[in-house]
Amino acid sequence: MKSIFNPTDNQEIIARINSLTPETHALWGKMNVDQMLKHCNEAVLVAFNEKELKVNFIFKILGSMMRKSILNSTQFSKNSPTAKEFKFIESFNFSEVQNELIQNFSRFQQGENAITCLKHPFWGKMNNEDWNKLMWKHIDHHLRQFGA
């Protein structure tokens, strides 16, 4: 599997983000392209402890029980449930959210020490391999959603 920490692999994702335009349409799902970029950026910020998620006790247990099966799957399934903190109905400036995601995803190139969240609010205790799988699969899922 490719790595968010590897500069070449990381740049591959960034090139795919750069291939998107404001006119890019989703192949499935309800988000438009700027909402997807915002959604992905907010998920990345969790790894840096810069986005707080409020998860109730039941979902914390559920997340920690599901973590291994989700992280070891080949890819995320279409139309999976989304935490309310990652759902956006408003529109965003495409260039701004695209640049924010590129800037924040690039931070993973600093290496494994870039991640400061060792206990995900939903998934539970996570090591760098877990974060790599989660971030790679999540962003890849949404880039495929938009044909990138």
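Reader: Which helices each supply at least two residues of the lining of the largest pocket?
Author: α2, α3 (57-71) and α5 do. Helices here are DSSP runs (H or I, at least four residues), numbered from the N terminus. The model is predicted, so local features need pLDDT of at least 70 and side-chain atom pairs pLDDT 80 or more, while totals for chains, interfaces and linings use all residues. Residues are numbered from 1 along each chain as its sequence is written, and side-chain values use heavy atoms, without hydrogens and water.

Reader: Which one gives the most to that lining?
Author: α5, with 6 residues.

Reader: And which residues are closest to the centre of the largest pocket?
Author: His39, Ser80, Pro81, Thr82 and Ala83, out of 40 lining residues. A pocket is an open set of points on a 1 Å grid over the protein atoms alone, where a 1.4 Å probe fits, with protein on both sides within 12 Å along at least five of seven lines; lining residues have an atom within 4 Å of a point.

Reader: Changing topic: how do α2 and α5 pack, parallel or antiparallel?
Author: Roughly antiparallel (an angle over 145 degrees). The angle is about 175°, and the axes, lines fitted to C-alpha atoms over the stretch in contact, are 11 Å apart.

Reader: Which α2 residues make that contact?
Author: Met36, His39, Cys40, Ala43, Val44, Val46 and Ala47, with contact meaning heavy atoms within 4.5 Å.

Reader: At what angle do α2 and α4 cross?
Author: Roughly 30°, with the axes within 9 Å.

Key: Axes fitted to C-alpha atoms, helices over the stretch in contact; angles between N-to-C directions. Parallel < 35°, antiparallel > 145°, perpendicular 65-115°, else oblique.
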